[in-house]
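Group the points by topic, and keep to what can be read from the model.

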Amino acid sequence: MRKTTMVSTAIVAALILLGGCGQEVKSVVIEPPKIDFRLLSQSEKLVVKATDIIDAPVAGVEFTFTSENNLVATVGADGTVRPAGNGSTWIKARTGTGIEGDTFVTVCLPKELKCDPSDTLKTKVGLAAPIKCEVLDCKGERRPGRIELTQADDKLLLKEEENIFIGLAVGETTVTVKAFDLETRVHVRIDEQDYLPGMGPGSGGGGGGGGRKKSGEDSAYGKSSFDHILKNIQCGGD
């Protein structure tokens, strides 16, 4: 009987000892273990779990969050991580007893909005011309995404398609290009047409000058040789 009592006491003592150890934090696990940011507008809320020696969760543990490089990513008191600049860093979660876990953060943001032409788009009244743009990231790699082009003066320039513009009148204006957090402008110069439709060199019309007229001269189309062109553009050719 005494032997049985001693064994029972030993088991109870072991369980008490194990239970005591079970309340001590031995490791901290962070999810996700890796974060890849591609935009400044992104954020990630960390899920942190403290575990004991047998990997059982320990409740009621408070954590302090830190970033090894706030120029790359920051972390709030609630564990929300936000990108700040290109690079990589570690985000750590630490308990009051000094046990910590970490997650690795990389940031590669859009860096350059590259357009062709890069400086000035040269076109003429009635002619369509494209502005081709792409976004490059911190590694110089092309970043897919929506690129928005907007003309500054719709009396001078008509946006026919996503990146196709038609000159409406002689003058100079700009097209604003936006994508992600980037913005640039392309200067646009619109010159007058050299020839009337069907009256270019070799067409056989127009008399000695090949039909060449300046925009301010009278013509069969009205005071401006471009009135009919503009009417066709604006009215669908009716």
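Residues 24 or more positions apart account for 50% of the contacts in the protein with a separation of 6 or more. This is a predicted model, and the protein in it has two helices and 18 strands. Of its 238 residues, 34% count as buried, while the accessible surface comes to about 14400 Å², with 52% of that area belonging to carbon and sulfur atoms.

**Nonpolar cores**

- The largest nonpolar core has 20 residues, and the members that touch the most other members are Ile131, Cys133, Ile147, Leu149, Val175 and Val177.
- At least two residues of this core are supplied by each of strand S10 (110–116), strand S13 (132–137), strand S17 (171–179) and strand S18 (182–191), and the largest share, four residues, comes from S18.
- Another core lies apart from the largest one and has 19 residues, among them Ile30, Ile35, Val75 and Val105.
- Leaving aside residues up to four places away in sequence, valine 175 touches Ile131, Leu149, Thr150, Gln151, Leu157, Phe165, Thr184, Arg185, Val186 and Val188.

**Aromatic rings**

- A search of the whole structure finds one aromatic pair, formed by tryptophan 90 and phenylalanine 104, whose rings are tilted, with 4.9 Å from centre to centre and 55 degrees between the planes.
- Because tryptophan 90 lies in strand S8 (residues 87–94) and phenylalanine 104 in strand S9 (residues 100–107), the pair ties together parts that are 14 residues apart in sequence.
- Both partners are partly exposed, tryptophan 90 with a relative accessible area of 34% and phenylalanine 104 with a relative accessible area of 24%.

**Surroundings of glutamate 31**

- Glutamate 31 lies in strand S1, which covers residues 27–31, and with a relative accessibility of 43% this glutamate counts as partly exposed.
- When residues up to four places away in sequence are not counted, glutamate 31 touches Lys45, Leu46 and Val47.
- The C-alpha atoms of glutamate 31 and threonine 103 are separated by 7.6 Å, although the two residues are 72 residues apart along the chain.

Notes
Residues are numbered from 1 along each chain as its sequence is written. This is a predicted model: local features need pLDDT of at least 70, side-chain atom pairs count only at pLDDT 80 or more; totals for chains, interfaces and linings use all residues. Side-chain values use heavy atoms; hydrogens and water are left out. Rings of Phe, Tyr and Trp (its six-membered ring) pair if their centres lie within 6.5 Å; planes under 30 degrees apart count as stacked, over 60 as edge-to-face and the rest as tilted. Buried means under 20% relative accessible area, exposed over 50%, partly exposed in between (1.4 Å probe, protein chains only). Contact means heavy atoms within 4.5 Å. Accessible areas come from the Shrake-Rupley method with a 1.4 Å probe; for residues, only the protein chains shown count as cover. A nonpolar core is a set of buried Ala, Val, Leu, Ile, Met, Phe, Trp, Tyr and Cys residues joined through side-chain atoms within 4.5 Å.
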